[in-house]
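Reader: Could you walk me through the annotated positions and charged pairs in this one?
Author: Happy to, let's look at it together.

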Amino acid sequence: MSEGLYTAVMGIRDFLKEYFNGFWDYETPKMMVIKNRPLGVIYRAVQFLVITYFIWYVFISQKAYQQSETHPESSVYTLIKGKAEHGDDVLDNVEYAHPPETFLTFLHRELTGKVPHFSVDNANCTTDSDCLQGLPNFDSHGIRTGRCIQYHNHPFKTCEIKAWCPIEEYAVVREPPLVQAINFTVFIRNSIHFPKFKVLRVNVESPPGMKTKKYLKRCHYHEETAPYCPNFRLGYIANKARENFTELCRTGGVIGVFINWDCNLDLDPSHCKPTYTFRRLDLRKDLADSGYYYRFAKYYDKNGVESRTLIKAYGIRLDIIVHGQAGKFSVIPTIISTVTALTSVGICSIICDWIMLTFIDKNEVYSERKFDEVTKEPTDTIRTEFSFISSYGSNHSDLSDGVPL
């Protein structure tokens, strides 16, 4: 074996031996009194910050002494109420409300028929062979009949399609927005259940001495005066979502109604009240594809010909989103949080030791006095200023004398 390899092997052996022997050593803190005003100020300041953090944030704000539940069971029921005059018609919620939205309409009447088609690609033709019968085109309005016909009074020809006539682009009738809907009300009943604590709450509660049914017929939600009234005006919802109601009726939109239950069950469950926030969820109105609408049709027979009225409905869609959490005092989280707080106070000593051994003058003297290595117990008792110890070295010393700072 070469000398270099032998030296390396012996070095590794000595390292492993030293590590193995050191693994069984016991370390204990050593108490030192450092009479240094700047270091003492830093130590108390860090202590104050740590204690303040745990008292104010952990215990008071986050309620770390409570057992919590963040996945409650919830149900929501909605109903739109209101009547409006639209032209010669009087509308109620049967006409304008398709849960969970209210809508306004563009509509036109159509008949089943055959028309030349020009508004899509590959619609032009010269002979019937250019128009394959039955070929669907997802960009068109119908199915090809296989005929190539003249496009109205134009000199060119296009493929004929079988579709509802006339097509939407040429027959739409715009109806005025139903601005009276600003005073319509939305009844939102929400119940929430915290199974861990066996607590059930509902966002409906009448004042003392008044029946709930009578109260619901006359109340409107208000954050302070009527927090348990679940009737919300559409105008109020649009205003809280920072939207113009007239523009919202014209383009449609999706508004999120966020119901939040934050319950401290250390108090009576009657203090558990919901809070509401409103926010526009779809793309804003200044974009081409913003708003909310959908299509549906009403069918009827006209002179023996099946006909339909196609309705493109623009409306306000309400998405009800419920969040809930509840907490109640429990011994186990209280013990865990308290032990964590007491342990974290030890950070103060670590920070100050690092400052003392790194930045303060005579740090080598501090290091020599702070770290002692005891290999065996001495036979003579060693006296210090504070106590008698029966081991080599001192576990409590005062550096106020003899060490200039």
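This is a predicted model: local features need pLDDT of at least 70, side-chain atom pairs count only at pLDDT 80 or more; totals for chains, interfaces and linings use all residues.

Reader: Which residues does UniProt list for "binding site"?
Author: The listing comes from an unreviewed UniProt entry. Under "binding site", that entry gives Thr185 and Lys312.

Reader: Is Thr185 buried or exposed?
Author: Thr185 sits in strand β12, which spans residues 185–194. Beyond its neighbours within four places in sequence, Thr185 contacts Leu79, Ile80, Lys81, His220, Phe232 and Arg233. Its relative accessible area is 12%, and the cut-off for buried is under 20%, so Thr185 is buried.

Reader: With which side chain does the side chain of Lys312 make a polar contact?
Author: Lys312 lies in strand β18, residues 305–329. At 14% relative accessibility, Lys312 counts as buried. Its side chain makes a polar contact at 3.1 Å, and the partner is the side chain of Tyr314.

Reader: How many residues apart are Lys240 and Glu223?
Author: These two form a salt bridge, with their closest N and O atoms 3.7 Å apart. Lys240 is in helix α6 (residues 234–240), while Glu223 is in the loop between α5 (212–218) and β14 (231–233). The pair links distant parts of the chain, and the separation is 17 residues.

Methods. Residues are numbered from 1 along each chain as its sequence is written. Side-chain values use heavy atoms; hydrogens and water are left out. UniProt positions are given in the numbering used here, feature names are shortened, and annotations may be inferred rather than shown by experiment. Helices (H or I, at least four residues) and strands (E, at least two) are DSSP runs, numbered from the N terminus. Buried means under 20% relative accessible area, exposed over 50%, partly exposed in between (1.4 Å probe, protein chains only). Contact means heavy atoms within 4.5 Å. A polar contact is a pair of N or O atoms within 3.5 Å; within protein, one must be able to donate a hydrogen and the other to accept it, and residues adjacent in sequence count only if both atoms are side-chain atoms. A salt bridge is a side-chain nitrogen of Lys or Arg within 4 Å of a carboxyl oxygen of Asp or Glu.
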